[in-house]
Amino acid sequence: MLKGISPLLSPELLKALCEMGHGDELIIADGNFPCESIGKNAVVIRADGHGADAILDAVLDLIPLDRYVEKPAALMQVVEGDTCGTPQIWNNYKDILSKHEPDHHDIEMIERFDFYERAKNAYLIIATGETAIYANVLLKKGVVTI
C-alpha cells in the first residue's frame, strides 16, 4: 500500500500508467469488452471486481488528459436500434472528468467498430468488472507538469 494512492490501482497498473507518455491512449473497459483480442499489442491489466467509474476516478487522480486535442476522452456510441437508451454510467463519467479536468473534458462519441479499431492502438487496456453496457471509455494522456 502507498499513501495517497487508491488501493484500486495495482502495482502492475501503476507501472503501466507511469510508462505511458504524452499522447498515449488507454481504455477503461467494461466486462463485455474483448480486451484480450483487441489488446494483442497493448498492456492488458485486469481490475475484476471494480467498476469502471471507480477506476476512471482513480486513474485521473494520477494522469492528466491531453490538452493539445479537442476531445481527450471518448465513449463507444450506442449501436443504432439498441433499446438500452443512454447509459446512466456516462453521467458518472462526465462528473468524474469534470472533477479532474474542469477546463478540458470534452468527450468524443465513437461508433462501436471504430472504437474497437482505435483501441487496437491503445497502450493500455484496463479490464474492469463493470456490468453496465457501453461503459468503455478511452483517455488520451497529457503532459504531467509540476
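Reply: Asparagine 41 counts as exposed, at 71% relative accessibility. The cut-offs are simple: buried is under 20% relative accessible area, exposed is over 50%, and partly exposed is in between, using a 1.4 Å probe and protein chains only. Before going on, keep in mind that this is a predicted model, where local features need pLDDT of at least 70, side-chain atom pairs count only at pLDDT 80 or more, and totals for chains, interfaces and linings use all residues. Residues are numbered from 1 along each chain as its sequence is written, and side-chain values use heavy atoms, with hydrogens and water left out.

Asparagine 41 sits in the loop between helix H2 (35-38) and strand S2. Helices (H or I, at least four residues) and strands (E, at least two) are DSSP runs, numbered from the N terminus. Not counting residues up to four places away in sequence, asparagine 41 touches Lys120 and Ala122; contact here means heavy atoms within 4.5 Å. Isoleucine 96 is 55 residues from asparagine 41 along the chain, and their C-alpha atoms are separated by 28 Å.

From that loop, move on to the sheet. Its 6 strands form an open sheet in the order S2-S5-S1-S6-S3-S4, with mixed pairing. Strand S2 (43-47) and S4 are at the edges, each with a single partner strand, so one side of each has no neighbour in the sheet. On average, neighbouring strands here are turned by 20° against each other, direction ignored. Two strands pair if DSSP finds at least two bridges between them. As a general point, strands of a sheet pair through backbone hydrogen bonds, either parallel or antiparallel.

Strand S1 has a partner of each kind. S1 (residues 25-29) runs parallel to S5, joined by 4 bridges, while S1 and S6 pair in the antiparallel sense over 4 bridges. Leucine 26 stands opposite leucine 124 in S5.

Is S1 buried or exposed? Since 5 of its 5 residues are buried, S1 is largely enclosed by the rest of the structure. Both faces are covered, with Glu25, Ile27 and Ala29 buried on one side and Leu26 and Ile28 buried on the other.

Leaving aside neighbours within four places in sequence, leucine 26 is in contact with a list of residues including Leu17, Met20, Val59, Ile63, Val137 and Leu139. In the largest nonpolar core, which has 48 residues, Leu26, Phe33, Ile125 and Leu139 touch the most other members. Helix H3 (residues 52-60) gives the largest share of this core, 6 residues. A nonpolar core is a set of buried Ala, Val, Leu, Ile, Met, Phe, Trp, Tyr and Cys residues joined through side-chain atoms within 4.5 Å. In soluble globular proteins, nonpolar side chains tend to be buried together.

The axes of H3 and H4 come within 10 Å and cross at roughly 10°. Axes are lines fitted to C-alpha atoms, for helices over the stretch in contact, and angles run from 0 to 180 degrees between N-to-C directions. Among the residues that meet are Ala52, Leu56 and Leu60 in H3, and Ile89, Tyr93 and Ile96 in H4.

Glutamate 108 is in strand S4, and at 27% relative accessibility it counts as partly exposed. Its side chain makes a polar contact with the side chain of arginine 118 (3.0 Å). A polar contact is a pair of N or O atoms within 3.5 Å; within protein, one must be able to donate a hydrogen and the other to accept it, and residues adjacent in sequence count only if both atoms are side-chain atoms. Glutamate 108 and arginine 118 are 10 residues apart in sequence and 12 Å apart in space, C-alpha to C-alpha.
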